[in-house]
Amino acid sequence: MKAITVEPSKPDSVRLEDVPEPDACNGSVLVEAIAVGLCGTDLEIVQGHYGWAPSGESRLILGHESLGRVLEPGPRGVLKTGDLVVGIVRRPDPVPCPNCAAGEWDMCQNGRYTERGIKEIHGFMSERWRIEPEYAMKIDESLGLLGVLLEPTTVVTKAWEQVMAVGNRAFWEPCTVLVTGAGPIGLLAALLGKQHGLEVHVLDRAQSGPKPDLVRSLGAGYHTGSVREVGFEPDIIIECTGDGQVVADSIRAVKAGGVVGLTGVGGGEEIDGLFGGDLATEAVLSNKVIVGCVNANKRHWYKASQALARADRSWLARLVTRREGPEHFARALEKEATDVKVVVQFSDVCD
Ligand SMILES: [Zn+2]
């Protein structure tokens with residue numbers, strides 16, 4: 001079968017090639033790939049900055065934002081042939097640490113977790129893939145191709161859960177949220193903000209393209225410029241750029257008692273206007289909390305699938321701005337001005 005593979009740590013080693021059928025050790029459920037979404041992590045792996053091949057192999061099948069249809073449900077009987085499924089990405093570490101033992105592998109303490117398409121397990125960019133039944137999330141059939149948005153939705157589902165848990169340590173009635181960055185993660189964070197019943201604002205550099213209209217269609221406010229210029233003090237900031245300056249400005253801008261949830265990571269850039277001592281002042285005197293969020297456990301996958309099922313299909317469809325066949329993978333990786341989410345499509349969604 002065809003698969004998109006890469007030699008981790010070797011820039012530009014990505015290629016479409018023939019590989020053996022998926023190994024039974026990856027699970028009893030056999031799935032036909034429909035589509036796989038691309039994100040910044042895939043780009044980092046292709047550029048050689050990140051990623052690990054399975055033990056004893058030199059190449060990694062890429063892809064962690066999956067969508068497929070069950071070909072063989074395996075012996076367990078939970079899934080049926082034809083079900084639309086998305087594969088959970090992370091697997092608990094083998095020790096396991098207390099968090100992995102409790103099913104909260106997103107909070108892994110020893111870093112020995114593995115991840116499909118990223119860290120030591122093959123991903124989903126192959127014509128067929130296998131998965132353990134307990135790691136296959138069945139999704140609402142009516143989502144169709146939009147099920148490919150589930151994995152990024154799990155990331156923001158966890159972020160929202162963490163932010164609300166931290167905020168609720170005291171009496172808290174949040175009204176406003178600012179989301180920084182209007183990429184797929186930011187837009188999905190904004191969608192969940194609306195589902196939480198909050199007044200949602202989104203900040204991004206883009207002054208044209210699909211982002212402003214996507215935000216306004218949600219009933220949210222769209223802002224360009226800096227966090228300092230949004231004109232209100234958000235109760236919550238969901239930071240989705242990873243930009244040091246935006247992070248620093250967010251810590252300053254969030255209301256006293258508010259929470260900044262970080263979903264992106266930066267590159268150690270110099271920032272203007274917030275120093276270590278100021279951070280303590282903001283956190284201590286104004287009870288502000290900064291909480292970092294990575295990955296998702298099964299609870300978040302379930303909640304994300306519920307959130308997507310509730311969302312307006314026509315709005316979600318506007319997030320998938322480009323589909324490319326696997327043979328055009330290189331083109332899929334090239335950023336175009338109108339891109340929000342680009343997917344590699346392996347087969348049609350219809351049964
Ligand atoms: Zn662990």
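Start by selecting Cys-108: with 16% relative accessibility, it counts as buried, where buried means under 20% relative accessible area (1.4 Å probe, protein chains only). This is a predicted model, in which local features need pLDDT of at least 70 and side-chain atom pairs pLDDT 80 or more, while totals for chains, interfaces and linings use all residues. Residues are numbered from 1 along each chain as its sequence is written, and side-chain values use heavy atoms, leaving out hydrogens and water.

Next, select Cys-97, which is also buried, at 6% relative accessibility.

Now show the zinc ion. Which residues hold its protein donors? They are Asp-93 (OD), Cys-97 (SG), Cys-100 (SG) and Cys-108 (SG), 1.9 to 2.3 Å from the ion; donors are N, O and S atoms within 2.8 Å of the metal (3.2 Å for Na, K and Ca). Along the sequence, their spacing reads D-x3-C-x2-C-x7-C. Cys-97 lies in the loop between strand 7 (90-91) and helix 2 (98-101), and Cys-108 in the loop between helix 2 and strand 8 (114-116). Here helices (H or I, at least four residues) and strands (E, at least two) are DSSP runs, numbered from the N terminus.

Try the angle tool here: the four donor atoms subtend angles of 99 to 121° around the zinc ion, so the arrangement is tetrahedral (four donors, all angles between 85 and 135 degrees). Ideal angles for four tetrahedral donors are 109.5 degrees.

Terms used. Four donors count as tetrahedral if all angles lie between 85 and 135 degrees; four count as square planar and six as octahedral if opposite donors are over 155 degrees apart and all others between 65 and 115; anything else is irregular. Buried means under 20% relative accessible area, exposed over 50%, partly exposed in between (1.4 Å probe, protein chains only).
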